[in-house]
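Here is a short tour of the fold you are about to see. Please keep the sequence and the model side by side as you read.

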Amino acid sequence: MITLSQLLDIEISKLYSNATSTDIAKLVAVTPVSVEPFNHFIDLRGKIDAENISFITPRGMGGQVKAMFVKEGDAVKKGQLLLKLDDAIMRQSLAAARQQLEGIKTQLSFARNIYERQNNLWQKGIGTEVQLISAKTNVETLQNQLQSVEEQVKVAAEQLNTTNVYSDVDGVAETVMVKVGELFGGMGQIKIVNTSQLKATAIVPENYITKVQKGTPVRIDIADAGKTINSQISLTGKTIENTQRGFVVESKIPADPLLKPNQSVVMHILDYASKSAVVIPVNTLQSDETNKFVYVL
């Protein structure tokens, strides 16, 4: 009479004809169930950005480039002259305003001299009051004109200065897409990047909006640089992206020569943590039509 154990051996041998008794014994294993800390992370692909990226624009309307003082890859300082625009018309305007200013100064000096003479005569009883008032009014009128033209000179000088395009930040000229003779009007033609402050950014699906907040721990893997950085979420977006249905998160990372803006990263963001959880290997978890379960010995 065949026992149940022998019957099972026969059936197993049919299924695994090449298996030995040792192999068959390894088909079933036992794993102890333990209570231990458990952390769950969501893995998101992101990129590195620089905190300070400046797209240089002219302070005026822009114009034709007459001289370039920067090229791609150059290190630049805040306030450094990058390029010079055509300034012929503005120089003429400034020269005309200064010439007008000098003319009014001459007229004012003459008018003051006349007023002083007229006033001296009036003190001696010579001349009429109308002559004195007329001389004084002429001085006041020219003084007002002088102030107005002085302002015009300041405006003309400031307009002339707008033909000098300066860098707003320290950094590296990553993009220089303009040459002498071409029109410069901004639009991303010159891009200055400061890599002293970097951040990792990613889009988090909106269903994690209650789980991912400012201060949430995050591990950042940068495969190309062979680096792993432990940080935390420093900023969460206030709106949901229409196309990706998620919100932006940022995490500050230290500056490193191996790290570049737009470099790919993987952000592992902690969305669940428990100090005491029952932990089992995920491959022991079974599923049927309605539930998930494990076999218990």
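Two strands are said to pair if DSSP finds at least two bridges between them. The strands themselves (E, at least two residues) and the helices (H or I, at least four) are DSSP runs, numbered from the N terminus. This is a predicted model, in which local features need pLDDT of at least 70 and side-chain atom pairs count only at pLDDT 80 or more, while totals for chains, interfaces and linings use all residues. Residues are numbered from 1 along each chain as its sequence is written, and side-chain values use heavy atoms, with hydrogens and water left out.

**Strand 1 and its partners**

- Strand 1 (residues 34-55) runs antiparallel to strand 13 (residues 264-279), and 13 bridges join them.
- Within that pairing, isoleucine 42 has isoleucine 269 of strand 13 as its bridge partner.
- Strand 1 is also joined to strand 8 (residues 190-205) by 9 bridges, again in the antiparallel sense.
- Here lysine 47 is found opposite threonine 201 of strand 8.

**Strand 6 and its partners**

- Threonine 175 stands opposite lysine 191 of strand 8.
- Strand 6 (residues 171-176) pairs with strand 3 (residues 75-76) as well, antiparallel and over 2 bridges.
- Valine 76 has glycine 171 in strand 6 as its bridge partner.

- An open sheet is built from 4 strands in the order 5-4-2-7, with antiparallel pairing.
- Strand 5 (164-166) and strand 7 (183-184) are at the edges and have a single partner strand each, so one side of each lacks a neighbour in the sheet.
- Inside this order, strand 2 (residues 63-68) and strand 4 (residues 81-85) are antiparallel and share 3 bridges.
- Valine 65 sits opposite leucine 85 of strand 4.

**Helix packing**

- Helix 3 (residues 88-123) packs with helix 4 (residues 129-161) at an angle of about 160°, their axes being 8 Å apart.
- That makes the two helices, helix 3 and helix 4, roughly antiparallel; angles under 35 degrees count as roughly parallel, over 145 as roughly antiparallel, 65 to 115 as roughly perpendicular and the rest as oblique.
- For these values, axes are lines fitted to C-alpha atoms, for helices over the stretch in contact, and angles run from 0 to 180 degrees between N-to-C directions.
- The contact of helix 3 with helix 4 has 20 nonpolar, 11 polar and 7 charged residues (nonpolar: Ala, Val, Leu, Ile, Met, Phe, Trp, Tyr, Cys and Pro; charged: Asp, Glu, Lys and Arg; polar: the others, Gly among them).

**Aromatic pairs**

- The structure has 2 aromatic pairs, where rings of Phe, Tyr and Trp (its six-membered ring) pair if their centres lie within 6.5 Å, and planes under 30 degrees apart count as stacked, over 60 as edge-to-face and the rest as tilted.
- Phenylalanine 38 and tyrosine 272 form a tilted pair, 6.3 Å centre to centre with 55° between the planes.
- Because phenylalanine 38 belongs to strand 1 and tyrosine 272 to strand 13, this pair ties together parts that are 234 residues apart in sequence.
- Phenylalanine 38 is partly exposed at 32% relative accessibility, and tyrosine 272 is partly exposed at 45% (buried is under 20% relative accessible area, exposed over 50%, partly exposed in between, with a 1.4 Å probe and protein chains only).
- Phenylalanine 293 and tyrosine 295 form an edge-to-face pair, 5.7 Å centre to centre with 90° between the planes.
- Phenylalanine 293 is partly exposed at 30% relative accessibility, whereas tyrosine 295 is exposed at 71%.
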